[in-house]
Amino acid sequence: MSTFVWAAMPAGLTGGPEPAARIRVLVVPRLAAGSLADFGLQDWPSLLADATFDLEVRTADGIREAEHALRYDPVADSDAWHAFFDADAGVVEEWTPTEQPAPQVGATYADARAVVMSYRECTSILTREPTDGEDAVRRRIDQWKTPLPPSAQPEPPLPPLPPDLDFHRTVATLREHPTVLEALGLVFELRADRADLDIGTGPRFLRIRGTDLPIDISSPWTKYDLTGTGFWPAPANGSSGIRNGLLDLAGVGLLDWAEGTAPPWALSLIDVDGAVRALRTEARALDADSSRRPVLPDLRTGGLMLIRPDRQSDFTARAGVAAGRLGAGLHGAELTAEDLVLGYRVDIRTGDDEQWHPLCTRRASYTVEDADGQVITLGDPALPEEGHVKPYAAVKTPDGRLHADEVVVRWDGWSLAVPFVNLLGGTPLPEPAPATTPPYVFRWDFSPVGGALPRLRFVVRYAMRVRIADLTGGGPGLDEPTGPMGATGTVKYARSDPIRPPRLSHDNTFGAGAALDRLVVRSDLGMNAARFSAAHPQYPPVERRALHRPTVSFGLAEQHGVFDPREGNPDDAGPAFTERTWKLALRALRAEAADDPDGALPDPATSGVSAHVAAAPGGLTEPLTDRSAWDDWPSADPKRITLSDQPTPTPPIALAWANGDLDLRLAKAEEAVLELSSTVTDGFLDHFSVKQWLDRPVSASGVPLPDSEWEVTVLNGRHPVLCPVRRIHLVHAVRRPLAEPRWQSRLTGFSEPPGTSADLGASVLLVPYAVTRDGDRWYADIEIAPPAAAPSYAPFVRLALARFQRNSLPRMSLSPVVVADPVRLLPDRRLIVERTGPDLRISLLGTGPRPPNRLEAVLEEAHGPAGAVPGVADLVDLGSPAAATVPAWRPLSARVTSDSPETPSVLRMPSGTAPLRLRVREVERIPALPPSSAGPAELQDRTLFVDVVPLPPGWRPG
């Protein structure tokens, strides 16, 4: 049966001498195949003007008709109706119900909490215990390690093009423009007497019925709330949070890592999806390369975002309701506030200001051309209208699946209902061609209302409110709700992006071994860098790099308030100020459009650059740090780094700023890592989320650190979360060693005593060794111990070897001498393992280098079939899960790594009954060449010592 569904929506109370209740009605056509003329609908606006409207109210006391007549002021335009529907859009294809599945919703809230937790914890740890920072960062990044997604499957073919626009599809495409529907009479407004609605007990429902029309009218019931100040659709229950035309956001604040359960709503400031992708990428990179230094990826400021945790349930419930009504008649059905939501209208309040500022207000112009080409204006373009944000928006992929996340609203400082204005001007992009060309010429244009948008600025506190836009475009106006009713708490808007380190550039080609972040000078024994360069012109005597101030996007610069007039500054007013700031804005926008870092605006949050060389074993005993200020913002004049040779070996490196340039001097055969970071502009620390995290550190005590313990470090650019560093490798290479090696011919430390031969005379000392024959070769085991009086780590020895035969002709007992290649002597080691309760104390003694080698100890547990004897096969099983049928040793999670092998390291034994053994490795701090990620990391290490110690059965706690 063909019908028009009239869904009635309470739309507030009018003031004035004749107060009334406003009821807006949405007309939803459900027609059989034919044409509009077949149903007598050639001119619906005229039919509507002559119709009779009846109001019915249902309560627990029954159904009652209104005693007072409804008032209707016709606004529908017959000319607009004809312009849209006299052509092919007036053809009616039979209405058929469609069903959309619930989209797959990403867990934005859970991801945001985990991101904030990771960064807050690292902020506190790097402030309290910076020496353990890298391990702490690595552990938290490891938590984001996820397997790579499966290889991409071939994309399915695109879905077929939609059918031509008939009457039903045309009305559906106009559903987002209530002003147009009102001009067509598909949305209309009635005025009712309040007394007719304020009756009965229990839940109240209303509906509008129409007579004197050629089409059947289906009228569902709408649940409503009527108070002294409001008249709005009523919710089915409290789960949706809709109250009196508002979304109840009372008490909502910034999401907190410490929240036990997910709140109904939360606010966030970070780009969650970008942070998750970056953390997972870094976790995979660390897993593939164990030598990689862990670095927290940069966060990005995401604006002020409203997140709906468990939004999947909202979509699922909405899809379930739609499926339950699929194909069913709506006459007499019950509609609630949740069924009537077209969108959200978002308002912002700044600080303690009582004034709410709308983010969806706009100026809108709608036109349609009639058959003669005459332009018909729909609505009143002089009056601002309110757009809306779709609360149930989803993205459809080519395979037809729907995807969404839990971010419902994101405000970045611009309108939520107007496309961003291209401030650079130029030729606008062509409008995308529609999939189906409509049989009418319909145009619209949106523009912002001057002065309506509030400024989004760091440090400023904001509250958010959401008004419900119903399906007719109605809902509470900006001033109808009063006070903070339904609003979030005020939250301080802060920057999540760190201050980037200075950018490097180089105008010339790089010399041998050099790169942008690797500076190399060269010299030789008895020759400084200048003389070496004169002899070898391909090697420069001095290395230079340009150092540029870090830049920011136009959006971040604006949110720092650099384009705003400063309070009390007379220079920040008038045309000159406007022209000056406009030039800066254009500079930033043009640089972004051209991806030109040289033209971008400098970051106003940084005042200078910090240069730091850390102390290290075998290197500097105290760190070197010095800072230099940039010129006043917005100057982008670069500084310069110069690396030259240090004439004396002490100190090995010198660092100093001179006239704004960094002068580095490095002694021969030395290398160092220079860390460059940005210092913080005075007064800007409060602009950053890091400041809030430092005020609420993550610690057992929860007591904030005194500002005096961290503020200087942070402001000076030495906190890696706020001011990440750029590392530059400095090298002073020499062609030959600085001293010629001296080979000592003392025959000491050999396992056999030296002697002489009468045949050769007393001047020739021999250390004879017996030999054994194997095939056509002779072998001897030569053991050499370095002298205890002059211990040396892995010294080189070079043997002079000859065949000695006592019973020979005179002067023929010694063959010609062969000098072997130099080889290293491996040092002796003493491994001590002691038990104290469930703990093992492990130390490895012996001569070692400076800085010491790395000690690694891991517990391994015997696994295998029942009855297998541990140790029968010395096999280590690294598979997951362990092979149950193969006797093998399985590494446990109990392990310890130490940079001081001689200092006892403590390793706790887990309880159990299976045999345990301890595997100990000593590894040199020299990377393997060439590095490879194909094999196990242990096979790429320079392992000096390995031993396995079976632990007595009684040692392991039961």
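A salt bridge is a side-chain nitrogen of Lys or Arg within 4 Å of a carboxyl oxygen of Asp or Glu. This is a predicted model, in which local features need pLDDT of at least 70 and side-chain atom pairs count only at pLDDT 80 or more, while totals for chains, interfaces and linings use all residues. Residues are numbered from 1 along each chain as its sequence is written, and side-chain values use heavy atoms, with hydrogens and water left out.

By that definition, Lys691 forms a salt bridge with Asp686, and their closest N and O atoms are 3.6 Å apart. Lys691 counts as buried at 12% relative accessibility, whereas Asp686, with a relative accessible area of 34%, is partly exposed; here buried means under 20% relative accessible area, exposed over 50%, and partly exposed in between, with a 1.4 Å probe and protein chains only.

The structure holds 49 salt bridges, and one of them joins Asp298 to Arg500, with the closest N and O atoms 2.5 Å apart. Asp298 lies in the loop between helix H7 (272-288) and strand E17 (301-307), and Arg500 in the loop between strand E29 (491-492) and strand E30 (503-505), so this pair ties together parts that are 202 residues apart in sequence. Helices (H or I, at least four residues) and strands (E, at least two) are DSSP runs, numbered from the N terminus. Asp298 is partly exposed, at 21% relative accessible area, and Arg500 is also partly exposed, at 32%.

Another salt bridge links the side chains of Arg921 and Glu856, at 2.7 Å from N to O. Because Arg921 lies in strand E55 (residues 916-924) and Glu856 in strand E52 (residues 854-863), the pair ties together parts that are 65 residues apart in sequence. Both Arg921 and Glu856 are buried. Elsewhere, salt bridges that share partners join Arg22, Arg24, Glu182, Glu189 and Arg191 into one network.

Two packed helices are described by the angle between their axes and the distance between the axes. Helix H3 (residues 108-128) and helix H4 (residues 133-142) pack at an angle of about 170°, with their axes 9 Å apart, which makes H3 roughly antiparallel to H4, a term for angles over 145 degrees. In their contact (heavy atoms within 4.5 Å), Ser118, Glu121, Cys122, Ile125 and Leu126 in H3 meet Gly133, Ala136, Val137 and Arg140 in H4. The residues of this contact divide into five nonpolar, two polar and two charged, where Ala, Val, Leu, Ile, Met, Phe, Trp, Tyr, Cys and Pro count as nonpolar, Asp, Glu, Lys and Arg as charged, and the others, Gly among them, as polar.

Key. Axes fitted to C-alpha atoms, helices over the stretch in contact; angles between N-to-C directions. Parallel < 35°, antiparallel > 145°, perpendicular 65-115°, else oblique.
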